[in-house]
Amino acid sequence: MKKITIAIDGHSSCGKSTMAKDLAQRVGYIYVDTGAMYRSVTLYALRHNMFSADGSINTEMLKEQLPQIVITFQLNAETGRPDTYLNGVCVEQLIRSLEVSSHVSPIAALPFVREAMVAQQQQMGQGGGVVMDGRDIGTVVFPDAELKVFVTASAEVRAQRRYDELQQKGMPADYADILKNVQERDYIDSHREVGPLRQAPDALLLDNSHMTIAEQNEWLMQRFLERTKE
């Protein structure tokens, strides 16, 4: 069975990372969470006071320090999934906070940040056998990927999922704030100049608003089997 490149794009909190992780684990592929990479850069910027009170970013400072931001993934023996590390420290939980979620889209829209992250992502995915999810994987990072999927769900469903996730982790959560964040991120992600969120012409559309995790995983597995048999 030939090894292919799988690109999964979609809106925030639509479950694409869960799908991608489960498929990679099931078929023995490498999983790369590109969203976690942008979230890690955002966490670094927050920690180093690169955001002004009005939300603007000290881009010169970030550009200067970007080479010092090292993002890696290490397999978690307990979960069987990779955790995100920022400069050698696990930040898997920290990067999922609402504070990071509220600041990540402007960071991800910066051309020099996207250029650096895309270069890393393309290096990670050389040779196939990789599942990668994000906003521009099928359009920019791997436009020739053998399997492209664009995942979506209603903003209300996605906000509820994010709320439930934070609640389960014991993290502070307010549904109204989360819904507002989801809607704002949709707009920013879809309207940025570099690598905007959009469905590639040859991507399969999956609206999982009313699907269980098991159902969406089975749908993706069937698409994977179809492409690897070709």
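User: What is the volume of the largest pocket?

Analyst: Rolling a probe the size of a water molecule over the atoms shows where empty space is left. In this predicted model, the largest pocket has a volume of about 1000 Å³. It is lined by 45 residues, and Ser17, Thr18, Arg96, Arg162 and Glu165 are the closest to its centre.

User: Which elements give two or more residues to the lining of the largest pocket?

Analyst: They are helices H1, H2, H4, H7, H8 and H9, together with strands S4 and S6. H7 gives the most, with 6 residues. By class, the lining has 21 charged, 16 polar and 8 nonpolar residues.

User: At what angle do the axes of H2 and H4 cross?

Analyst: Two packed helices are described by the angle between their axes and the distance between the axes. Here the axes of H2 and H4 cross at roughly 105 degrees and come within 8 Å. Angles of 65 to 115 degrees count as roughly perpendicular, so H2 and H4 are roughly perpendicular to each other. Residues making the contact include Tyr38, Val41 and Leu46 of H2 and Val100, His103 and Ile107 of H4. By class, this contact has 9 nonpolar, 3 polar and 2 charged residues.

User: Is Ile178 buried or exposed?

Analyst: Buried means under 20% relative accessible area. Ile178 has 1% relative accessibility and therefore counts as buried. This residue lies in helix H8. Leaving aside neighbours within four places in sequence, Ile178 is in contact with Leu98, Ala159, Arg162, Tyr163, Leu166 and Ala173.

User: How far apart are the C-alpha atoms of Ile178 and Gly28?

Analyst: They are separated by 34 Å, and the two residues are 150 residues apart along the chain.

Key:
Residues are numbered from 1 along each chain as its sequence is written. This is a predicted model: local features need pLDDT of at least 70, side-chain atom pairs count only at pLDDT 80 or more; totals for chains, interfaces and linings use all residues. Side-chain values use heavy atoms; hydrogens and water are left out. On a 1 Å grid over the protein atoms alone, a cavity is a set of points where a 1.4 Å probe fits but cannot get out, and a pocket is an open set with protein on both sides within 12 Å along at least five of seven lines; lining residues have an atom within 4 Å of a point. Grid points are joined across faces, edges and corners, and a volume is the space filled by probe spheres set on the points. Helices (H or I, at least four residues) and strands (E, at least two) are DSSP runs, numbered from the N terminus. Ala, Val, Leu, Ile, Met, Phe, Trp, Tyr, Cys and Pro count as nonpolar, Asp, Glu, Lys and Arg as charged, and the others, Gly among them, as polar. Axes are lines fitted to C-alpha atoms, for helices over the stretch in contact, and angles run from 0 to 180 degrees between N-to-C directions. Angles under 35 degrees count as roughly parallel, over 145 as roughly antiparallel, 65 to 115 as roughly perpendicular and the rest as oblique. Contact means heavy atoms within 4.5 Å. Buried means under 20% relative accessible area, exposed over 50%, partly exposed in between (1.4 Å probe, protein chains only).
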